[in-house]
There are 2 protein chains.
Amino acid sequence: VTGTPLSGETTLGELGELGVVAEVVARFPATSHALLGPGDDAAVVAAPDGRVVVTTDVLVEGRHFRRDWSSAVDVGRKAAAQNLADVVAMGAVPTALLVALAAPPTTPLAWVRGLADGLREEAAAVGCGVVGGDITAAETIVVAVTALGDLAGLAPVTRAGARVGDQVAVCGRLGWAEAGLAVLTRGFRSPRSLVDAHRRPSPPYDAGPEAARLGATALIDVSDGLLSEAAHVARASGVRLDLRAAALTPDDELVAMARALGADPDAWVRTGGDDHALLGCFPPDLQLPARWRALGTVRDGAGVSLDGMPVDGAGGYRHYG
Amino acid sequence: VTGTPLSGETTLGELGELGVVAEVVARFPATSHALLGPGDDAAVVAAPDGRVVVTTDVLVEGRHFRRDWSSAVDVGRKAAAQNLADVVAMGAVPTALLVALAAPPTTPLAWVRGLADGLREEAAAVGCGVVGGDITAAETIVVAVTALGDLAGLAPVTRAGARVGDQVAVCGRLGWAEAGLAVLTRGFRSPRSLVDAHRRPSPPYDAGPEAARLGATALIDVSDGLLSEAAHVARASGVRLDLRAAALTPDDELVAMARALGADPDAWVRTGGDDHALLGCFPPDLQLPARWRALGTVRDGAGVSLDGMPVDGAGGYRHYG
């Protein structure tokens, strides 16, 4: 430990664990909910509601991101986003993140600094901060993020409350991250709008607590594809979600790119993951804010249907990867 | 998904992600603090104090455990224990665990079942449960656990409150896990008492909240060795921890094993990690319960001393591994 700023070329192995921790912690400023931040055995976070919402999600290099496709900042933002989206999908306001990082000793310090910056930036977008973590060596990079949230006196909005007659609506983009991944997979780096949708999702964070205040009966984060998430709600609630195909029209950018790649833009919208839109069910007569797009209606039965026709396999076997 | 129980020989890759999740979740019963358990976007945990203590720690196969030395249950217990110990080291009562698991598709289901059982058993020892998690594929096994806790109205006991004149005391074993690791490293599997100390630590969980109630001024979990942890307290509190060498006499079992292996039992006691004893500082005149063993006194200065002689390097560079 010296007074000289460390080069980003320095590796984690050269710097040692305490040095890496010091570098990372310096990038996480104190935030309002953090009563005690990084540096002790554990952090202390405000939980004014008396209940805390908590979730954890992992990103693995080579499976969830590639260092030649995404910058370290991108990976940090994505790791934070997918966890923050899970918190707001309960109707809660995020209050803190923790990060557990396993990375090879050869990893440059610059990469870890970027990861920390990405986590901090995405957390700041919802007014929270990174309050703790752990770092250790491993063969490949594994980023496990935990997010906490506060319900502000409201009941958590689960997947299990949808009732027959409820409206089904979505807030946020569908298919963009999947289209961006398709672009990268074919060896292209543009259009930037699609590629960035894969690199760093933009979940509509404040729509989660908004849905809770509006009286949403069910709410879920669309991380694995719309039809699959709709099937989760249907199963948990004991109902059928009947969606209108006309409401699932791909955005123009997706149609154009699908034509160029010979791909199916409808598949991106219906089964593409990682945009972290929010899918909600709401009482029948509720007037929803404009950003919530009506998708269909909750009906008797099971599973998911499109214009009344059952959709096969939504939410069935998911490859272990 | 069938009605037939799955063989433990089934691999994660064969079972698919949802199948693995269902298998694991079935092993995590509801517990009192879990207002909403696994299966939704996030869990909801009671935080009656209005503040939540939270920490995360990672275990990596080949670095923190070996599958030929530790059973899956052992790994689960150890992963839970090191996080629960961090929670009690703030003076808090653990309320919930979450687990993020990355594992190769070839991993047998039986191993993951064992890991889940170990996590559940260790959590049950402190009256909490596993409320959520994530599972994904990776080249090596990485287990990232997050633990939550409740302060029950008391101030968190940090590393920073030790005052000159305070007594220094420890609760729990020192050097046993390190001795067990030395035994395994030399190719032996016994004595069982030492080997088990490495495989599944037994932190004195209730001593953490007890220390908080007794008015501890500083508290830390001994995960990286006594002298290193004492140095953390000294640095955070701006004091010196003066320990008595006579109070650091190795237990008879350690002396006997060190003689057999040609090792130094004093080094195990002073620098061995992973037993998760609790090191605390307490007001001078407090009568401590018998299980808290007096180690020394907080004095003016910096760092750690043994019988007044400065100890070099305590808490300095830690290898990145």
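I started with a trio: Arg27(A), Asp117(A) and Arg120(A) are tied together in a network of salt bridges. Side chains of opposite charge can pair when their charged atoms come close.

Housekeeping next. This is a predicted model, where local features need pLDDT of at least 70, side-chain atom pairs count only at pLDDT 80 or more, and totals for chains, interfaces and linings use all residues. Residues are numbered from 1 along each chain as its sequence is written, chains are lettered from A and ligands numbered from 1 in the order in which they are written, and side-chain values use heavy atoms, with hydrogens and water left out.

I checked the confidence. pLDDT is the predictor's confidence in each residue, from 0 to 100. Chain A has a mean pLDDT of 94, with 97% of its residues at 70 or more. For the complex, the predictor gives an ipTM of 0.95 and a pTM of 0.95.

**How the copies sit**

I laid chain A on chain B: a turn of 180° and a shift of 0.0 Å along the axis give an RMSD of 0.0 Å. The two copies are thus related as by a two-fold rotation axis. The superposition is by least squares on the C-alpha atoms of residues with pLDDT of at least 70 in both. Which residue of chain A comes closest to the rotation axis? I found Gly50(A), with its C-alpha at 2.5 Å.

**Where they meet**

I looked up contacts (heavy atoms within 4.5 Å). 68 residues of chain A touch 68 residues of chain B. I noted that 100% of the interface residues of chain A are also interface residues in chain B, so the copies meet through the same surface.

The area buried between the chains is about 5,300 Å², and carbon and sulfur atoms give 60% of that. Leu18(A), Asp41(A) and Tyr320(A) supply 16% of what chain A buries against chain B, more than any other three residues. Buried area is the accessible area (1.4 Å probe) that two parts lose on being put together, summed over both.

I found 6 salt bridges between chain A and chain B. One pair that crosses over is Glu139(B) with Arg63(A), at 3.3 Å from N to O.

**Salt bridges within a chain**

Over all chains the structure holds 38 salt bridges. I picked out Arg192(A) and Asp196(A), paired at 3.0 Å, N to O. They are 4 residues apart in helix H6 (residues 192–199) of chain A, so about one helical turn separates them. Helices (H or I, at least four residues) and strands (E, at least two) are DSSP runs, numbered from the N terminus.

Buried means under 20% relative accessible area, exposed over 50%, partly exposed in between (1.4 Å probe, protein chains only). Asp242(A) is buried at 10%, and Arg299(A) is partly exposed at 36%.

**A charge without a partner**

Last, I visited Glu229(B), in helix H8 (residues 226–237) of chain B. Glu229(B) is buried yet has no salt bridge, and the nearest side chain of opposite charge, Arg159(B), is 4.9 Å away. For charge, Lys and Arg count as positive and Asp and Glu as negative, while His and the chain ends are not counted.

Conventions. A salt bridge is a side-chain nitrogen of Lys or Arg within 4 Å of a carboxyl oxygen of Asp or Glu.
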